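Here is a short report for someone meeting this structure for the first time. Take a look at the model, then read on.

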Amino acid sequence: MKLTNANWLIKKKEGLYCIPGDFYIDPLYPVKKALITHAHTDHARPNNHFILGTKETIEIMKIRYAKSYCTNYQVINYNSPLTINNIDITFVPAGHILGSSQILIKYNGCRVLISGDYKRVEDKTCKSYQNKKCDIFITEATFGLPIFSHPFDKDEIKKLLESVIKNNEKPHLIGVYALGKCQRILSLLRDAGYDETIYLHGALMKITDYYVSEGLRIGKVKNASELNLSELKNQIILCPPSALHDKWSRKFKNPIKGIVSGWMNIRQRIKQKNIQLPLIISDHADWNDILLTTKENNPEKVLVTHGREEALVFQLNKLGYDAKALNLLGYEDEYE
Ligand SMILES: [Zn+2]
Ligand SMILES: [Zn+2]
């Protein structure tokens, strides 16, 4: 598929490909040269030959994939343009997770902005989102439906803390994605004044340690394996969402189970996952923020990817943009 005004950027089975630069953006399969927007596993995959990304993205890939994180890499700083074969490339903060970037590509007088995953809501665990004027805006649409209007994160944290006070004999098992969400919840809990020890499932430790080494303050945090089960009361224990229903969770008697996710907006999902405490905190832009971002970026053309494309394409066309679905497959934001 050719993208109008930029026939040098095409869609291949590996993902978005820039012909004159001979590189891919967030490829699904190993390639020779890849620009990586951020370290979530659906965007940053192992075994590429050469990757370009922010320092944090590359370090997290190293933590997750060990030797297979890539053969070679180049660290890119935010807002410092580099050139590959006459193409100007700039990584711009996306506000999604630590190290996350949008990628602005300029070639032949055409500016294409690839959003990656992004959010505009302030988040102390990563650099804030920045907007960029462009001619073609490729936006994610994970929450690209009008029903998605994310509540304030602080209000959701309040719900958790109220439940901890109200149910003072019950441990709170809270499902959070290991990269980004976990650390954001820790940071929000501390900002809300919660100063008890917070316990983490072992699978959340490594990435959290990395955030701490990069300067994030999360107060007293311990591995949940250190928790004395006879002293169990209303502790907050963070774990991967999948652990809520496996053997690990059964050692906690009578827990309150919660999940933190933008998807907790959907009643059916709450029921399906048997969740008493749904907390709607998302690391993606909601419907209004996608529309606001498009307006600020002022593109001629918008390409909508990984998410509910149809409604957004319809709305953008109604607002006068030339919008189309890009239908890039393989990007799942199930545990966002
Ligand atoms: Zn992501
Ligand atoms: Zn994504």
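## Two zinc ions

The zinc ion (ligand 1) lies 3.9 Å from the zinc ion (ligand 2), and Asp-117 coordinates both. His-40 sits in the loop between β5 (33–35) and β6 (50–53), and Asp-117 in the loop between β11 (110–114) and β12 (136–141), so the pair ties together parts 77 residues apart in sequence. Helices (H or I, at least four residues) and strands (E, at least two) are DSSP runs, numbered from the N terminus.

The zinc ion (ligand 1) is held by His-38 (NE2), His-40 (ND1), His-96 (NE2) and Asp-117 (OD), at 2.2 to 2.3 Å. Donors are N, O and S atoms within 2.8 Å of the metal (3.2 Å for Na, K and Ca); water is not among the atoms, so sites may look incomplete. The four donor atoms subtend angles of 89 to 166 degrees, which makes the arrangement irregular. Both His-40 and Asp-117 are buried (under 20% relative accessible area; exposed is over 50%, partly exposed in between, with a 1.4 Å probe and protein chains only).

## About the model

This is a predicted model: local features need pLDDT of at least 70, side-chain atom pairs count only at pLDDT 80 or more, and totals for chains, interfaces and linings use all residues. Residues are numbered from 1 along each chain as its sequence is written, chains are lettered from A and ligands numbered from 1 in the order written, and side-chain values use heavy atoms, leaving out hydrogens and water.

## Lys-11

Lys-11 belongs to strand β2 (residues 6–12). Its relative accessibility is 26%, so Lys-11 counts as partly exposed. The C-alpha atoms of Lys-11 and Leu-328 are 7.8 Å apart, though 317 residues separate them along the chain.

## Helix α6

Helix α6 spans residues 287–297, and its buried residues include Trp-287, Ile-290 and Leu-291. After α6 comes Asn-298, with a positive phi near 55 degrees.

## Aromatic rings

The whole structure holds nine aromatic pairs. Rings of Phe, Tyr and Trp (its six-membered ring) pair if their centres lie within 6.5 Å; planes under 30 degrees apart count as stacked, over 60 as edge-to-face and the rest as tilted. Phe-143 and Trp-263 have ring centres 4.5 Å apart and planes at 45 degrees, so this pair is tilted. The two residues are 120 apart in the chain. Phe-143 has 0% relative accessibility, so Phe-143 is buried. Trp-263, at 5%, also counts as buried.

Note on methods. Tetrahedral: all angles 85-135°; square planar, octahedral: opposite > 155°, others 65-115°.
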